[in-house]
Amino acid sequence: MSGDRLGAMQVAALLVSASYGIGFLFGSGELAMSHGMAGCLYPWLTGAGMLLLAFLSARLWRIGMPVWDLFGNRYGAVVKRYVAVLSVIWMTGVLAAQIQGAGTTLSMVGVPGTLSLPIVSLAIFVAARLRLGVASKIFALCLLAGSIVLLLAVLDLGGLGIYLHAIPRFASDLHRVGGSELATMTIAVVFLVVTGADYQQFIIAARSPAAAVAGCALAAVVLIVVGALPASAVLAASGAGWLAHTDDAKQAIPLVLAHMSDRLGSGAGTVMLLTLIAAALGSGAAVVRAMSTAVMAMPEITREDAKAPASAVVVLMGAIVASRGQAIIETMIDLNIVYIASIGPLFALLLLNIAVPPVAAQRALVAGCFSSIALYATKWFGLVTGNVELMFLGAGMFTSVLALEVSRRRYARAA
């Protein structure tokens, strides 16, 4: 049995691959355009989340089940279903990031912007349905190729000094990130790393608790080391004038890679852009499969023939969110907030082993979800603007706690 389990190196590799996608790469570059070396914030927070996950991984390994099953065992099948739905919601932000990245890159090779998102969404749906192991490896190699060219760009542009001084430059540029935005990103990213089922699956599959801990720690180191690369490349490229003619910060990383590839050979820039599109399709397909698994965890949806409609629905959700045109990291953070506001209080009580009646748990999740989605909608429709996510998080969690306390008191009186 142990031969089928994952060693520490395998756990680390899978955790890094689950984190280091188009959203990570393009989002960091986009943030660097406006925040300088503070563009490292998202990848470094992901690394910090991995370190925290390392402290918790032995316990998660012994529990041996994804987050919705954990809630379901404690609070019943209804709560399991709700947590699965909420997992789909936060993963929609990750999927939208892949669609945005692929759509942006596709438009750079001449496809009209109005067609790029539909084409990418359809391609991701098809890729997710293929379930080909060889194809997934090809997609991963495409992302690896982009990373290697990005490193070459940093070296070619004389950006090694920028990279080596990433920490002091990050500290000096961090003031560009407002206090509210910093707090929101820290909570949203770290909490999702710890509670995300896409990360937990590799902890559960580890050969031993020690392998799970070591794998998380190694993944954290890799993400922190690699995390400074996109921002360093963007800063070096900006200094060289490579990004002078773009108004779309999402194009920063694709432009750097295309410029560098053209220096390596004629026509290589176009090939690199197509490679990035392939990488985004692979990342998007992996997210769709994870989202479909969450949908299939719902008791009413267990038939094999429901997988295709489930995949179609989650891809459509991702496309709708991507069509908003938000910044890539902001897209992910906003939907992370919905998830955290909904399950955060209940998750804390679960960790503290404080008993909660199932009906109270159900009402807390519903209250937190509806209030945070309603607040998310106010930003969607332009009723509020600015960095309001921390306020949304607080309001959603307050609503969840209030519903929990009211339900608990009613349950106590009835008993």
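Visitor: Are Trp-90 and Tyr-339 buried or exposed?
Guide: This is a predicted model, where local features need pLDDT of at least 70, side-chain atom pairs count only at pLDDT 80 or more, and totals for chains, interfaces and linings use all residues. Residues are numbered from 1 along each chain as its sequence is written, and side-chain values use heavy atoms, leaving out hydrogens and water. Buried means under 20% relative accessible area, exposed over 50%, partly exposed in between (1.4 Å probe, protein chains only). Trp-90 and Tyr-339 are both buried.

Visitor: How are the ring planes of Trp-44 and Phe-170 set?
Guide: Rings of Phe, Tyr and Trp (its six-membered ring) pair if their centres lie within 6.5 Å; planes under 30 degrees apart are stacked, over 60 edge-to-face, the rest tilted. The structure holds nine aromatic pairs. In Trp-44 and Phe-170 the centres lie 4.9 Å apart and the planes stand at 55°, so the pair is tilted.

Visitor: How many residues apart are Trp-44 and Phe-170?
Guide: Helices (H or I, at least four residues) are DSSP runs, numbered from the N terminus. Trp-44 is in helix 3 (residues 41–63) and Phe-170 in helix 9 (residues 166–173). The pair links distant parts of the chain, 126 residues apart.

Conventions: Helix = DSSP H or I, 4+ residues; strand = E, 2+ residues; numbered from the N terminus.
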